[in-house]
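Thanks for coming. I will go through one model this morning, starting with a helix and ending with charged pairs.

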There are 2 protein chains.
Amino acid sequence: MLQPVLHQLNSQRLVLASGSPRRKQILENIGLKFDVIPSNFEENLDKSSFKHPADYARETAKRKALEVAKRLQGSDNPADLVIGADTVITQDDMLFEKPSNKEHAREMLTKFSGGSHFVCTGVILVAPKASKVYKGTQSIDDFSITEFDSRTEVFMSKLSQEVIDAYVETGESFDKAGGYGIQAVGGTLIEGIKGDYFNVMGFPLHKFCVELMKIYNRPDK
Amino acid sequence: MLQPVLHQLNSQRLVLASGSPRRKQILENIGLKFDVIPSNFEENLDKSSFKHPADYARETAKRKALEVAKRLQGSDNPADLVIGADTVITQDDMLFEKPSNKEHAREMLTKFSGGSHFVCTGVILVAPKASKVYKGTQSIDDFSITEFDSRTEVFMSKLSQEVIDAYVETGESFDKAGGYGIQAVGGTLIEGIKGDYFNVMGFPLHKFCVELMKIYNRPDK
């Protein structure tokens, strides 16, 4: 979808403010050129202060991206666009992030087994207000911001304790919200999804492209 | 899901009777060891003689897998299990396979743009009747066979002519049923799916694992 504007996009400095190898891979696969600069923002917002999990994910993504954008602003090589994202999982009003150890991963997978849960990613695009190309819909300090989120329902198979234990032993659970990775061995556990697959991997690719096309294809630019 | 039986599976000779790099990648990603031996079966069945597209896909998959199984049967190194698959796309009772040229790819994408279509993959597992491990549900010649199919609904974004043209120019359309590949640039065109993502890539991973677990985990084995 980005092909008509890819050359223009790739002539700018895009920065992905995330250390997730999945997000990097998704964006590289569509031919985007960007630098990866993980954020130093400590993910410590009070979850109970947000009405919806999507709001928590958006706010965490915003703090991550703004920290990177501000750090680069004072450098010789500021970013034209910083991309921030945060992924959480919800089931029955409970919010799940990355498991802290094997037992925690087993608990999460036991909860998800035989039912559905939602993967929600908040995405933030941050550009300097001075940018000629990019205008967001909000303004924070010297930055212009666009934000959106995407929700995908995931249906997990009914798993035996043996299958859960063996999966956690693969080590795939760690550094992944919900304790599984749909793109590799974890994909075998998933009966199906409803929504954007890439969102389950950690980045809602389609909505991201729609937002970028709005920015770069605007007739008044 | 296959972890508890993976060691046993990988001690056998598994053969994937398909030249699709996506199917190979999906099965490699879950740690399966197998050889790739593409079938010589010419995909020329009369589509009009099948009531449902799934029946056509299953029959094509069966012919592909049986050709390979028979070829190996007379060799020094016969297969313990041959895996065959065929993927087709349907929309409004029309059946789509791989586009034959750029114009054909553009026509397909124009039909899919702004609506939904279905990706259907038929999968066949073929083993020698003499196999001690594996018993299928049907019998053909000297082989024991299990077959199933999986259907995923895909919602494509409303695409401009410019986006369709630019996508076809990437060259991604060819060798792919429906003229797009969801796993790379084509993923940007897809708003969402309902069902197994890997089925859209050409192989219904979850159902395949469920069938293998039935075979290898049977208490009477």
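**Helices, interface and salt bridges**

Before going on, the conventions. This is a predicted model, in which local features need pLDDT of at least 70 and side-chain atom pairs count only at pLDDT 80 or more, while totals for chains, interfaces and linings use all residues. Residues are numbered from 1 along each chain as its sequence is written, chains are lettered from A and ligands numbered from 1 in the order in which they are written, and side-chain values use heavy atoms, with hydrogens and water left out. Helices (H or I, at least four residues) and strands (E, at least two) are DSSP runs, numbered from the N terminus. Contact, which is what I mean by covering, is heavy atoms within 4.5 Å.

Back to α4(B), residues 102–112. Which of its residues are buried? They are B:Ala105, B:Met108, B:Leu109 and B:Phe112, where buried means under 20% relative accessible area, exposed over 50%, and partly exposed in between (1.4 Å probe, protein chains only). Seen down the axis, the buried residues of α4(B) fall within an arc of 95 degrees, so they line one face of the helix. The arc is that of the directions from the helix axis to the C-beta atoms.

At the start of α4(B), a side-chain oxygen of B:Asn101 comes to within 3.2 Å of the backbone nitrogen of B:Glu103. B:Glu103 also forms a salt bridge with B:Arg106, at 3.1 Å from N to O. The rule for a salt bridge is a side-chain nitrogen of Lys or Arg within 4 Å of a carboxyl oxygen of Asp or Glu. B:Arg106 and B:Glu103 both sit in α4 of chain B, three residues apart, about one turn of the helix. B:Glu103 counts as partly exposed, at 43% relative accessibility.

After the helix comes B:Gly114, with a positive phi near 75 degrees. B:Ser113 is in the loop between α4 and β5 of chain B. Is B:Ser113 buried or exposed? Its relative accessibility is 11%, so B:Ser113 counts as buried. Apart from neighbours within four places in sequence, B:Ser113 is in contact with B:Met156, B:Ser157, B:Lys158 and B:Leu159.

Next, helix α2, in both chains. In chain A, α2 spans residues 21–29, and A:Arg22, A:Arg23, A:Ile26 and A:Leu27 are buried there. They cover an arc of only 125 degrees around the axis, which puts them on the same side of α2(A). Their cover includes β1 (14–16), α3 (53–73), β3 (81–91), α6 and α7 of chain A. A:Gly31 follows α2(A), and its phi is positive, near 85 degrees.

In chain B, B:Ile26 is found in helix α2. B:Ile26 is buried, with a relative accessible area of 3%. Leaving aside neighbours within four places in sequence, B:Ile26 is in contact with B:Phe198, B:Met201, B:Phe203 and B:Leu205.

Now the interface. How many residues of chain A are in contact with chain B? There are 32, in contact with 32 residues of chain B. The two chains bury about 2600 Å² between them, 65% of it on carbon and sulfur atoms. Buried area here is the accessible area (1.4 Å probe) that two parts lose on being put together, summed over both. In chain A, A:Met1, A:Thr188 and A:His206 lose the most area to chain B, together 23% of what that side buries. Across this interface the rule finds zero salt bridges.

Over all chains, though, the salt bridge count comes to 34. One of them joins A:Glu59 to A:Lys62, with the closest N and O atoms 4.0 Å apart. Both residues are in helix α3 of chain A. A:Glu59 is buried at 19% relative accessible area, and A:Lys62 is buried at 10%.

In chain B, the side chains of B:Arg58 and B:Glu147 meet in a salt bridge at 2.8 Å, N to O. This pair links distant parts of the chain, with B:Arg58 in helix α3 and B:Glu147 in strand β7, 89 residues apart. B:Arg58 counts as partly exposed, at 21% relative accessibility.

Technical notes:
Polar contact = N/O pair within 3.5 Å; in protein donor to acceptor, adjacent residues only side chain to side chain.
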